Amino acid sequence: MSAQLLSYTPLLLKAALVTIWLSWLALLIGAVGGTLVALARMSTFLPLRLLALLFTEFFRSIPILIVLFFVFFGVPLIFGLDLSPFAATTIALALHATSTMSEVIRAGLESVGKGQWEAARAAGMTYWQMMRHVIVPQALRVILPPSVGVYIATLKESSLASIIGYVELTKTGLLIRETMGSSFVPLLLLALIYFLINYGISLGGAALERRFHVNTRLMTAGAGQ
Amino acid sequence: MTDTVLQFDNVVKRFGDRTILDGVSTSVQSGEIVCFIGPSGTGKSTLLRCVNGLETIEGGAIRFEGTPVQAKQRSIIDVRRRIGMIFQHFNLYPHLTALENVMLAPVIVHGENRKTVEERARGLFEKVRLSHRINAYPAQMSGGEQQRVAIARALATNPHILLFDEPTSALDPETVGEVLAVMRDLAVEGRTMLVVTHEIRFAADVGTRMVFLDGGKIVEEGNPREMLAAPRSERARRFLSTISNAAH
């Protein structure tokens, strides 16, 4: 049996890469989307603020699986547009990641004191100069740690794609399991692979935080207001 | 022989239904050092913040070098590029060193050459007597040091006017003097300065004009020494006697 399992190793590795890629893509879209939604939520234009709030609350409150079904089965019905399982999963995960990341990013931006925005504005910076050189560098130290958590969550949630028949890591494991007479071993192996990937991400995130921490220590006091 | 740098024309500012500035009119000539004094909450800082559009105004007009100051318009950026501001709480960028703080605006806002800017910045650190702290982060510096870096940062873009918003109010008493000394140097250079302050002695020694605000209005303005010696209005007299008692 172990020999048989060993022969599946390349398949599992490839599936693991698919899962990593899929969730990374969703996180990237989530980071960009989350930034836009966070900015909309902080806008002075009320309708925009409400729209962003609605979006965040909506996707935060609905199970990802339901969103996935809506995207995979609903979009073809409504828009007559056929989505591949990969695209559907990416979109569903990205929508969810966007709603989570928007809150993370908003918290980060709001952690930067009012005085910083004023100093940047008083210096004659445009909105984007202020964001790029003053606000975002300071917000990142607040945004980074929970973002690692969002990535790990997204990666785990990507296993839902197996339900709509997309062959990522979980689906691959389940297929292997079928060829082995419903053995329990492939499931254990799956859990181990997920653990290793996510533990790796955790370690990477911690290293990144440590690098930031050097600066954070230097910039704690006298920053706010 | 003098140019009007700044013109306040019946400026009205409200926060909700509270009127902060209630028809303020005055003007500032090039080279003047105008000190705004008055009880807390009378709109001195607000008036200063209206000059570079950190606050919007609800009525009247402000003109800076002939340009209307309109907080919500794109033109405000051009106004701000000619104004330097020093805040009560310094507001240095905590993720940048002292030198980087001073260099940021000239490089990214004014698009100046990095080398030229660094040279000028080093000169400014000499002027504020902080050459030895050039690579420190704000959190590693005392309040007085941070405020002097903030002054260097404001000077780095060669502003036509400097706005000081209670520059010594957040400082430990022992560092107030070093900041005021730097401000005296600037006055000697003939810079145009607007100073909101509770440092009456400084206002009297360095200021060319004193403006007393109360209840969102200019109650009295004039030569600082004359005004200190013989305030014309009852309110100014009462305010000045309160703070000169507190100072001694």
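**Notes on strands, a chain contact and a buried glutamine**

1. Start with one pair of residues: Gln7(B) has Arg63(B) as its bridge partner in β4(B). Keep in mind while you look that this is a predicted model.

2. Now follow β1(B) over to β2(B). Strand β1 covers residues 4-15 of chain B and strand β2 covers residues 18-29 of chain B. For a spot to check by eye, find Val12(B), which stands opposite Asp22(B) in β2(B).

3. Next, the place where the chains meet. Chain A brings 25 residues to the contact, and chain B brings 25 residues as well. About 2,200 Å² is buried between chain A and chain B, and carbon and sulfur atoms give 59% of that area.

4. How many salt bridges are there between chain A and chain B? The count is one. You'll find it at Arg49(B), which pairs with Glu118(A); their closest N and O atoms are 2.6 Å apart. As for polar contacts between chain A and chain B, the count is six residue pairs, with both residues at pLDDT 80 or more.

5. Which elements of chain A give two or more residues to the side that touches chain B? They are α6 (114-122), α7 (127-157) and α9 (185-218) of chain A. Of these, α6(A) gives the most, with seven residues. Sorted by class, this side of chain A has 11 nonpolar, 12 polar and two charged residues.

6. Last, go to Gln147(B), in helix α5 of chain B, which spans residues 143-155. Is Gln147(B) buried or exposed? Gln147(B) counts as buried because its relative accessible area is 0%, and the cut-off for buried is under 20%.

7. Leaving aside residues up to four places away in sequence, Gln147(B) touches Ile86(B), Phe87(B), Gln88(B), Phe90(B), Pro167(B), Leu171(B) and Val179(B).

Notes
Residues numbered from 1 in each chain as written. Chains lettered and ligands numbered in written order. Predicted model: local features only at pLDDT ≥ 70, side-chain atom pairs only at ≥ 80, totals over all residues. Heavy atoms only, no water. Pairing = 2+ DSSP bridges. Helix = DSSP H or I, 4+ residues; strand = E, 2+ residues; numbered from the N terminus. Contact = heavy atoms within 4.5 Å. Buried area = accessible area lost by both parts, 1.4 Å probe. Salt bridge = Lys/Arg side-chain N within 4 Å of Asp/Glu carboxyl O. Polar contact = N/O pair within 3.5 Å; in protein donor to acceptor, adjacent residues only side chain to side chain. Nonpolar A, V, L, I, M, F, W, Y, C, P; charged D, E, K, R; others polar. Buried < 20%, exposed > 50% of the residue type's maximum accessible area, 1.4 Å probe, protein only.
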